[in-house]
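Dear colleague,

I am passing a structure on to you, and I would be glad if you could look it over beside the notes that follow.

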Amino acid sequence: MSANQVVTRSVDERLAQERPLIERICARLIHEAQRHGLPALDIEPARAAYSLRDDPFTGEAALIGLWPADGAGRKGNLIINADGSFFAEYDVLANDPANDRQFVEASTAWGRGERMGAELRMLEWPE
(Lines give C-alpha, C1' and ligand atoms only; values in the text may rest on other atoms or scores of the structure.)
Protein backbone atom coordinates (compact mmCIF):
# COMPACT_ATOMS: atom_id res chain seq x y z
CA MET A 1 0.00 0.00 0.00
CA SER A 2 1.34 3.41 -0.98
CA ALA A 3 1.55 6.36 1.40
CA ASN A 4 -1.14 8.23 -0.56
CA GLN A 5 -3.78 5.49 -0.48
CA VAL A 6 -6.93 6.09 1.50
CA VAL A 7 -8.14 3.25 3.72
CA THR A 8 -11.63 3.58 5.14
CA ARG A 9 -14.36 1.18 6.17
CA SER A 10 -17.52 3.17 5.52
CA VAL A 11 -19.01 5.89 3.35
CA ASP A 12 -19.45 8.10 6.43
CA GLU A 13 -15.76 7.81 7.36
CA ARG A 14 -14.62 8.61 3.82
CA LEU A 15 -17.11 11.47 3.51
CA ALA A 16 -15.86 13.00 6.76
CA GLN A 17 -12.27 12.65 5.51
CA GLU A 18 -13.02 14.23 2.12
CA ARG A 19 -15.47 16.94 3.24
CA PRO A 20 -12.97 19.86 2.95
CA LEU A 21 -12.07 18.76 -0.59
CA ILE A 22 -15.73 18.34 -1.56
CA GLU A 23 -16.47 21.87 -0.32
CA ARG A 24 -13.53 23.25 -2.36
CA ILE A 25 -14.73 21.38 -5.46
CA CYS A 26 -18.28 22.73 -5.09
CA ALA A 27 -16.99 26.28 -4.61
CA ARG A 28 -14.81 25.97 -7.73
CA LEU A 29 -17.70 24.66 -9.86
CA ILE A 30 -19.83 27.61 -8.74
CA HIS A 31 -17.00 30.12 -9.28
CA GLU A 32 -16.32 28.84 -12.80
CA ALA A 33 -19.93 29.52 -13.84
CA GLN A 34 -20.06 32.93 -12.12
CA ARG A 35 -16.81 34.19 -13.61
CA HIS A 36 -18.36 33.68 -17.05
CA GLY A 37 -21.40 35.78 -16.13
CA LEU A 38 -23.73 32.85 -15.49
CA PRO A 39 -26.10 32.63 -12.53
CA ALA A 40 -24.80 30.98 -9.36
CA LEU A 41 -25.29 27.24 -9.21
CA ASP A 42 -26.85 25.70 -6.10
CA ILE A 43 -24.29 22.98 -5.41
CA GLU A 44 -24.60 21.94 -1.77
CA PRO A 45 -22.41 19.01 -0.67
CA ALA A 46 -25.18 17.83 1.69
CA ARG A 47 -27.69 17.48 -1.17
CA ALA A 48 -25.63 14.75 -2.87
CA ALA A 49 -25.97 11.02 -2.23
CA TYR A 50 -22.62 9.36 -1.57
CA SER A 51 -21.37 5.81 -2.01
CA LEU A 52 -18.11 3.91 -2.32
CA ARG A 53 -17.27 2.04 -5.51
CA ASP A 54 -14.21 -0.10 -6.18
CA ASP A 55 -12.07 1.22 -9.01
CA PRO A 56 -11.85 -1.66 -11.54
CA PHE A 57 -8.22 -0.82 -12.34
CA THR A 58 -6.73 -0.34 -8.84
CA GLY A 59 -9.29 -2.18 -6.70
CA GLU A 60 -9.29 0.78 -4.28
CA ALA A 61 -12.50 2.45 -3.11
CA ALA A 62 -13.51 5.70 -4.81
CA LEU A 63 -16.00 8.07 -3.21
CA ILE A 64 -18.88 8.81 -5.58
CA GLY A 65 -21.26 11.75 -5.10
CA LEU A 66 -24.46 12.23 -7.12
CA TRP A 67 -26.57 15.39 -7.00
CA PRO A 68 -30.17 14.76 -8.02
CA ALA A 69 -31.79 17.04 -10.58
CA ASP A 70 -32.95 20.39 -9.25
CA GLY A 71 -36.08 22.24 -10.35
CA ALA A 72 -34.35 23.29 -13.59
CA GLY A 73 -33.17 19.74 -14.36
CA ARG A 74 -29.53 20.37 -13.43
CA LYS A 75 -27.67 17.51 -11.77
CA GLY A 76 -24.08 16.60 -11.09
CA ASN A 77 -21.55 14.03 -9.97
CA LEU A 78 -18.11 13.72 -8.49
CA ILE A 79 -15.56 11.00 -7.96
CA ILE A 80 -12.64 11.15 -5.53
CA ASN A 81 -10.20 8.31 -6.09
CA ALA A 82 -8.14 6.65 -3.38
CA ASP A 83 -4.97 8.34 -4.71
CA GLY A 84 -6.54 11.78 -4.14
CA SER A 85 -7.33 12.53 -7.77
CA PHE A 86 -10.85 13.78 -8.50
CA PHE A 87 -13.28 14.84 -11.20
CA ALA A 88 -16.61 16.64 -10.81
CA GLU A 89 -19.21 18.11 -13.11
CA TYR A 90 -22.47 19.94 -12.58
CA ASP A 91 -24.97 20.92 -15.25
CA VAL A 92 -25.28 24.60 -16.16
CA LEU A 93 -27.67 24.25 -19.12
CA ALA A 94 -27.64 27.89 -20.22
CA ASN A 95 -26.65 30.03 -23.17
CA ASP A 96 -23.22 31.62 -22.94
CA PRO A 97 -23.83 35.32 -22.17
CA ALA A 98 -20.66 36.26 -24.08
CA ASN A 99 -21.40 34.24 -27.23
CA ASP A 100 -24.91 33.53 -28.48
CA ARG A 101 -23.56 30.66 -30.64
CA GLN A 102 -22.45 28.73 -27.52
CA PHE A 103 -24.42 26.66 -25.03
CA VAL A 104 -22.88 25.94 -21.62
CA GLU A 105 -23.53 22.30 -20.81
CA ALA A 106 -21.65 21.97 -17.51
CA SER A 107 -19.05 23.29 -15.10
CA THR A 108 -16.22 20.81 -14.50
CA ALA A 109 -13.36 20.55 -12.00
CA TRP A 110 -10.52 18.07 -11.72
CA GLY A 111 -7.21 17.64 -9.99
CA ARG A 112 -5.32 16.01 -7.16
CA GLY A 113 -4.84 17.32 -3.65
CA GLU A 114 -4.47 21.11 -3.62
CA ARG A 115 -4.10 21.36 -7.41
CA MET A 116 -7.39 21.98 -9.17
CA GLY A 117 -8.37 22.94 -12.69
CA ALA A 118 -11.82 23.97 -13.87
CA GLU A 119 -13.61 24.90 -17.07
CA LEU A 120 -17.01 25.13 -18.64
CA ARG A 121 -18.03 22.47 -21.13
CA MET A 122 -19.41 24.36 -24.12
CA LEU A 123 -21.38 23.21 -27.13
CA GLU A 124 -21.75 25.06 -30.40
CA TRP A 125 -25.36 25.69 -31.43
CA PRO A 126 -26.12 23.92 -34.72
CA GLU A 127 -26.45 26.02 -37.86
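This is a predicted model: local features need pLDDT of at least 70, side-chain atom pairs count only at pLDDT 80 or more; totals for chains, interfaces and linings use all residues.

**What was found**

Residues are numbered from 1 along each chain as its sequence is written, and side-chain values use heavy atoms, with hydrogens and water left out.

Read along the sequence, the pattern of the chain is α-β-β-β-β-β-β, and its C-alpha atoms fill a box of roughly 50 × 25 × 25 Å along the principal axes. Of its 127 residues, 39% count as buried, a word that stands for under 20% relative accessible area, with exposed being over 50% and partly exposed in between (1.4 Å probe, protein chains only).

Helix α1, which covers residues 11-34, bends by about 55 degrees at Glu18, and Pro20 follows within four residues; the bend is the angle between axes fitted to the seven residues ending at a position and the seven starting there. The buried residues of α1 include Leu15, Glu18, Leu21, Ile25 and Leu29. Among the elements that cover the buried residues of α1 are β1 (49-54), β3 (76-80), β4 (85-95) and β5 (102-112).

Thr108 lies in strand β5 and is buried, with a relative accessible area of 4%. Leaving aside residues up to four places away in sequence, Thr108 touches Leu29, Phe87, Ala88, Glu89, Gly117, Ala118, Glu119 and Arg121, a contact being heavy atoms within 4.5 Å. Leu29, one of these partners, is itself among the buried residues of α1.

Ser85 belongs to strand β4 and is likewise buried, at a relative accessible area of 13%. Its side chain is joined to that of Asp83 by a polar contact of 2.7 Å (a pair of N or O atoms within 3.5 Å; within protein, one must be able to donate a hydrogen and the other to accept it, and residues adjacent in sequence count only if both atoms are side-chain atoms). With residues up to four places away in sequence not counted, Ser85 touches Ile79, Ile80, Gly111 and Arg112.

Definitions and conventions: Helices (H or I, at least four residues) and strands (E, at least two) are DSSP runs, numbered from the N terminus.
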